[in-house]
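Here is a note for a colleague who is opening this structure without having seen it before. The points below go from the overall build to single residues.

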Amino acid sequence: QVQVVESGGGLVQAGGSLRLSCAASGNIFTINEMGWFRQAPGKQRDVVATSGLTTAYADSVKGRFTISRDNAKNTVYLQMNSLKPEDTAVYYCNAHVRRIGTNYYEYFWGQGTQVTVDS
């Protein structure tokens, strides 16, 4: 199987920074895209940033967040600067994976990491 594990969440003051990490491991042949999503209490899960052939960002984080990947380590990072209270949410990592022995891609999710921005 495939495991996706996030780390790096925590409590930070408004204006501060955090760096999230996400590593995928297991029966992986290749990954064509990894991304970050977030879900605030009572709200739907929304995309924050994705990294595949290109990178893309939600309008609300453009200029503040940066997604990057280390393909050799099957890892994706999210550098979050100038954090705002409205960035408070559980952040989830997503990997679009082709497993060894298959010819199709599947999405795998991490368990999430809490980011809390205190005003």
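1. Strands in this note are DSSP runs of E with at least two residues, helices are DSSP runs of H or I with at least four residues, and both are numbered from the N terminus. On that basis F29 sits in strand β4, residues 28–39. The protein has zero helices and 11 strands, and along the sequence the pattern reads β-β-β-β-β-β-β-β-β-β-β.

2. The model is predicted: local features need pLDDT of at least 70, side-chain atom pairs count only at pLDDT 80 or more, and totals for chains, interfaces and linings use all residues. Residues are numbered from 1 along each chain as its sequence is written, and side-chain values use heavy atoms, with hydrogens and water left out.

3. Overall dimensions come next. The radius of gyration, taken over C-alpha atoms, is compared with a globule rule of 2.2 Å times the number of residues to the power 0.38. For 119 residues a compact globule would come out near 14 Å, and the protein agrees with its 14 Å. Along the principal axes, the C-alpha atoms fill a box of roughly 50 × 25 × 25 Å.

4. Burial and surface can be read together. A residue is buried under 20% relative accessible area, exposed over 50%, and partly exposed in between, with a 1.4 Å probe and protein chains only. Of the 119 residues, 42% are buried. The accessible surface, computed by the Shrake-Rupley method with a 1.4 Å probe and with only the protein chains shown counting as cover for residues, is about 6,300 Å², and carbon and sulfur atoms hold 48% of that surface.

5. A contact means heavy atoms within 4.5 Å. Among contacts with a separation of 6 or more, 56% join residues 24 or more positions apart.

6. On charge, Lys and Arg count as positive and Asp and Glu as negative, while His and the chain ends are not counted. Each charge is placed at NZ of Lys, CZ of Arg, CG of Asp or CD of Glu. The 11 positive and 9 negative charges have mean positions 4 Å apart.

7. Which strands does β3 pair with? Two strands pair if DSSP finds at least two bridges between them. Strand β3 (residues 18–26) pairs with β1 (residues 2–7) in the antiparallel sense over six bridges, and Q3 stands opposite S25 in that arrangement. Strand β3 also pairs with β8 (residues 75–80), again antiparallel and over six bridges; there C22 has V76 as its bridge partner.

8. Strand β9 covers residues 89–99. Its antiparallel pairing with β10 (residues 105–109) runs over five bridges, one of which links A95 and F108 as partners. The hairpin of β9 and β10 has five residues between the strands, and G101 there takes a positive phi near 90°.

9. Is F29 buried or exposed? F29 is exposed, at a relative accessible area of 54%. Beyond residues up to four places away in sequence, F29 touches R98, R99 and I100. The C-alpha atoms of F29 and R99 are separated by 5.0 Å, although the two residues are 70 apart along the chain.

10. D87 lies in the loop between β8 and β9 and is buried, with a relative accessible area of 1%. Leaving out residues up to four places away in sequence, D87 touches R38, R64, F65, S82, V115 and V117. From D87 to V117 the C-alpha distance is 6.7 Å, across 30 residues of sequence.

11. S82, found in the loop between β8 and β9, has a positive phi of about 50° and is partly exposed at 41% relative accessible area. N74, in the loop between β7 (65–70) and β8, has a positive phi near 50° and is partly exposed at 23%.
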